[in-house]
Amino acid sequence: MKNILRFVPIGLVLVVLNCKSVNTNTMFYEDVQPKKISDQFTFTEGPSSDKEGNVYFTDQPNDKIYYWDWKTNQIVEFLNNTGRANGTHFDKDDNLITCSDNKGEIWKISKDKKIEVLLTNVEGKRLNGPNDVWNDKFGGMYFTDPLYERDYWINFKKETPHKSLYYRNKDGDVTKIETFTQPNGIVGSEKFKKLYVSDIGAGKTYVYDMLGEGKLSEKKLFCEMGSDGMTIDKHGNLYLTGNGVHVFNHEGKKIYHIPIDEDWTGNVTFGGKDNNVLFITASKSVYILPTKVTGVR
């Protein structure tokens, strides 16, 4: 073998090594389909897994937060009067951070339901309506602020003329990073040092390299698809939503589609004991799908 390999061009070896195709059979079970576990809601969104693997999610029109208890496979109401919470994410201390857009705010909610309003405005102006959030290891957070005017907003007056991605550091200082058509889903990974942001209004998803606390590279186009919400698995595959769940590899190539029998699939995350169950929020329902892969917390 040594003699044979000596005459193989190095470039060819590299091409062979880099052309391994993704085998989705190692990711998903052939005979397992998404299972609906509840359809008691009006519009589900913002799933986020805590350290134990329970998944919290919102029913924004009804102003409630629920969680899926993976041990019992039951849905439990966690909080009423949530500020009309939409997107959520747990911080490093296992507090639930919510995009509570009734007054354009971001909240921190502890497990014992103590509420702290972290952000009410930027430069003295009300935000349009924070939509999705991702917390980093520095104690800061990236969040998107599109504009979806809600019929339950009272006396809303638009004060922020742009729709943008922001970063709030641990001290509460906020920086506008970039303006989009209609930014929506956001997710990051400390493991891969990537931040993904969907511009659902433009039908595109972008990726940034994370360079430090609140520091990003220039954005690059990841794929020609927008998304309401998203999550990442341990291989760096990105899961986007809309018409079911679409899975893209780290190069932005679509490799799999999970159909969901609902008009709209809003969001997705990993949860469960081993962080290998896809939890899918889809309009009036929530679904679970056991997989062979684990998510990146």
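Lysine 193 is placed in the loop between strand 16 and strand 17 (194-199), where strands (E, at least two residues) are DSSP runs numbered from the N terminus. Although lysine 193 is not a glycine, its phi is positive, at about 55°. With a relative accessibility of 45%, lysine 193 counts as partly exposed; this term covers values between buried (under 20% relative accessible area) and exposed (over 50%), computed with a 1.4 Å probe on protein chains only.

The structure is a predicted model, in which local features need pLDDT of at least 70 and side-chain atom pairs count only at pLDDT 80 or more, while totals for chains, interfaces and linings use all residues. Residues are numbered from 1 along each chain as its sequence is written, and side-chain values use heavy atoms, with hydrogens and water left out. The pLDDT, the predictor's confidence in each residue from 0 to 100, averages 93 over the chain, and 93% of the residues score at least 70. Over residues 1-21, however, pLDDT stays under 50, and the model has one contact beyond four places in sequence for this segment, a contact being heavy atoms within 4.5 Å.

A positive phi is also found at asparagine 73, a residue other than glycine, with a value near 60°. Asparagine 73 lies in the loop between strand 4 (64-69) and strand 5 (74-80), and its relative accessibility of 29% makes it partly exposed.

Strand 6 is largely enclosed by the rest of the structure, because six of its six residues are buried. Strand 6 pairs with strand 7 (residues 96-100) in the antiparallel sense over four bridges; pairing requires that DSSP find at least two bridges between two strands. Across this pairing, histidine 89 stands opposite isoleucine 97 of strand 7. Five residues separate the two strands in the hairpin, where aspartate 94 takes a positive phi near 65°.

The largest pocket holds about 550 Å³ of space. A pocket is defined on a 1 Å grid over the protein atoms alone, as an open set of points where a 1.4 Å probe fits, with protein on both sides within 12 Å along at least five of seven lines; lining residues have an atom within 4 Å of a point. Its volume is the space filled by probe spheres set on the points, which are joined across faces, edges and corners. The lining of the largest pocket comprises 32 residues, with His89, Phe90, Trp134, Val296 and Arg297 nearest its centre. Among the elements giving two or more residues to this lining are strand 6 (85-90) and strand 16 (183-189).
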